[in-house]
Amino acid sequence: KLRFIPNAVSPMPQTAARETMILGVGRLHPQKDFATLIDAFTVLHAQRQDWTLTILGDGPLRELLQKQIDQAGLSDAVTLRGVVSNPQDYYARASIFALPSLYEGTPNALLEAMSAGLPAVISDQCEGGLVYLQDGQSGLVHHAGEAADLARQFLRLIDDPALRESLGRQAKAAVAGLDEESIMRQWLTVIEGGR
């Protein structure tokens, strides 16, 4: 007798003025493939120099990723912010969320970004994320490990503000049922039903 109950998503603050920022959130670990994200941003930055990339999180690849950023000459445009106490602020300010993971369960960061109305670009190997994000409807999907394809999806969003807004709106709707009250009701149903 199994019952799947997803994680609840904390309420996100009201959207602030969006900045020309792409946001990545996660542990700096090979699984998350932030190296491909930085490579994709390198391609993008050559064409759209007003955009920045911020990555929240820490981990064993921090030094290597910083070296990659420095060698690409992107230290003014790409920031490894580390662990922050207020990630909600970044979700509210960013314009695009990126999750290039090589594999993934149910990514809380993606659900938080979608709850904040952020259009997301995720890899086709993020199986848990693909449960919530439908390509072209509530976000975009790129081929895992392919920086050129990821950069191409970013450019689609950057060049089409209406698409960003539409995908963000649909993303928020897709995770609307994951609010804390709804998830708690599911838990109580299971617990009380077991008595």
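User: How many aromatic pairs does the rule give here?

Analyst: The count comes to 1 aromatic pair, where rings of Phe, Tyr and Trp (its six-membered ring) pair if their centres lie within 6.5 Å, with planes under 30 degrees apart counted as stacked, over 60 as edge-to-face and the rest as tilted. The pair is Tyr 91 with Phe 97, tilted because the planes stand at 50°, with the ring centres 6.2 Å apart. This is a predicted model, in which local features need pLDDT of at least 70 and side-chain atom pairs count only at pLDDT 80 or more, while totals for chains, interfaces and linings use all residues. Residues are numbered from 1 along each chain as its sequence is written, and side-chain values use heavy atoms, leaving out hydrogens and water.

User: Is Tyr 91 buried or exposed? And Phe 97, buried or exposed?

Analyst: Tyr 91 is buried, at a relative accessible area of 1%, and Phe 97 is buried as well, at 0%; buried means under 20% relative accessible area, exposed over 50%, and partly exposed in between (1.4 Å probe, protein chains only).

User: Switching to α7, which of its residues are buried?

Analyst: Leu 163, Arg 164, Leu 167, Gly 168 and Ala 171 are the buried residues of α7. They lie on the same side of α7, because their arc around the axis, taken from the directions from the helix axis to the C-beta atoms, is only 130°.

User: What's exposed on the other side of α7?

Analyst: Ala 162, Glu 165 and Ala 173 are exposed there. Helices (H or I, at least four residues) and strands (E, at least two) are DSSP runs, numbered from the N terminus.
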